[in-house]
Amino acid sequence: MIIVMQRQASEVDIAAVEAKIRSHGLDVHISRGIERTLIGAVGDERKLDPAMFDPMPGVEHSMHIVKPYKVVAREWHPGSTVVDVGGVPIGGSVVQVIAGPCSVETAEQMAAAAAGVAAGGARLMRGGAFKPRTSPYAFQGKGVDGLRLLKNAAAGQKLPVVTELMDARMLDSFLAWGVDVIQIGTRNMQNFDLLKAVGQVTVPVILKRGMSATINEWLMAAEYIAAGGNHNIIFCERGIRTFETAYRNVLDVTAIPVLKKETHLPVIVDPSHAGGKAWMVPALSLAAVAAGADGLLVEIHPSPKDAWCDADQALTPGEFAQLMDALRAVARAVGRDL
Ligand code: PEP
Ligand code: MN
């Protein structure tokens, strides 16, 4: 059972709902987002009925949620949620594109990349400062200095930034540097302590799908973040592992409409890590937008052949600008802007 409180509900209203749930022997889970507070009743729900809560002061509505994920479920929130990232809306009528290099390398590389992002018309910039690499001997990222380089380059083009958090101990640095969106990578989708940590802040989170995760596991991972009170979650499909070896991962296009049905939160697609080759990125991007994705996360590099990480899949700024033109036409065909 979930009780959705009105925006202006007071602490007294919340406490009264909590007391009523407890009086029936159930436990209470309160999730305080910026927009609203959700109160979950945990236990034998058959003892509760919406009619018990709906007339109470401060209650907007209450309902039984059948799904195991609650806060992220579309069941209680039929409208689509728009996540605001520094004034850029994700999940609304405009398809938003996040672009930038796989990893932050140098000030020059980042300035050129930021110029390419802006010239293409994207409104957010990506760049990894902490890199999850298969080999411990591969470049691991610039660390905190990478956050500085990313923020500086993006500020030059007035772009909010997206970057990956791998370790909860670095969260304070992310907040101090004003990271606009925290990315949780595929390898950490079920790092529950990390999910709990980002659930405690208000910074929007991009939650990438674990490369072997089911839709249900992915939704439950998002619920960990939401349960902590951070409701600003964006799902990102980035390709999954299958028996196929001809490309890096299989972009699960089917996941897009399924997720849009299951959750009210935005769903974006990373075509770069799915295909793993630059030449596949346009086709996968167009497919994603046609299938209803709310945005894309695309790797670009001023000189892909020199990239320190994921060189094969980065687009040049010129290729990126061309892709943006093609995407605009598909976005319009599905009733959206870009
Ligand atoms: C990335 O976006 O830089 C990244 C490492 O992606 P993923 O977690 O999807 O592999
Ligand atoms: Mn990469």
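Predicted model: local features only at pLDDT ≥ 70, side-chain atom pairs only at ≥ 80, totals over all residues.
Lys158 is exposed, because its relative accessible area is 75%. Lys158 is placed in the loop between helix 4 (144-155) and strand 9 (161-164). Its backbone also deserves attention, for phi of Lys158 is near 55°, a positive value in a residue other than glycine. Most residues other than glycine have a negative phi.

The position of Asp310 is in the loop between strand 14 and helix 11.

The metal site holds the manganese ion (ligand 2), which is coordinated by Cys102 through SG, His273 through NE2, Glu299 through OE and Asp310 through OD, at 2.0 to 2.4 Å. Along the sequence, these donor residues follow the spacing C-x170-H-x25-E-x10-D. Glu299 lies in strand 14 (residues 295-299) and Asp310 in the loop between strand 14 and helix 11 (317-333), so this pair ties together parts that are eleven residues apart in sequence. Glu299 counts as buried, because its relative accessibility is 1%, and buried means under 20%.

The salt bridge of Asp310 is formed with Arg248, whose side chain meets that of Asp310 at 3.3 Å, N to O. Arg248 lies in the loop between strand 12 and helix 8, whereas Asp310 lies in the loop between strand 14 and helix 11; the pair therefore ties together parts that are 62 residues apart in sequence. Arg248 is partly exposed, with a relative accessible area of 38%.

In helix 8 (residues 255-262), the residues Ala255, Ile256, Leu259, Lys260 and Glu262 are buried. These residues cover an arc of only 165° around the axis, which means that they lie on the same side of helix 8. Among the elements that cover the buried residues of helix 8 are helix 7 (215-227), strand 12 (233-237), strand 13 (267-269) and helix 10 (281-290).

Salt bridges also occur elsewhere in the model, and their count comes to 21. Side chains of opposite charge can pair when their charged atoms come close. One example involves Glu18 and Arg22, whose side chains meet in a salt bridge at 3.0 Å, N to O. Both residues lie in helix 1 (residues 11-23), where they are four residues apart, about one turn of the helix. Arg22 has another partner in Asp27, and the side chains of Asp27 and Arg22 meet in a salt bridge at 3.0 Å, N to O.

Glu18 counts as partly exposed because its relative accessibility is 23%. Arg22, at 40% relative accessibility, counts as partly exposed. Asp27 is partly exposed, with a relative accessible area of 45%.

Notes:
Residues numbered from 1 in each chain as written. Chains lettered and ligands numbered in written order. Heavy atoms only, no water. Donors = N, O, S within 2.8 Å, 3.2 Å for Na, K, Ca; no water. Helix = DSSP H or I, 4+ residues; strand = E, 2+ residues; numbered from the N terminus. Buried < 20%, exposed > 50% of the residue type's maximum accessible area, 1.4 Å probe, protein only. Arc of directions from axis to C-beta. Contact = heavy atoms within 4.5 Å. Salt bridge = Lys/Arg side-chain N within 4 Å of Asp/Glu carboxyl O.
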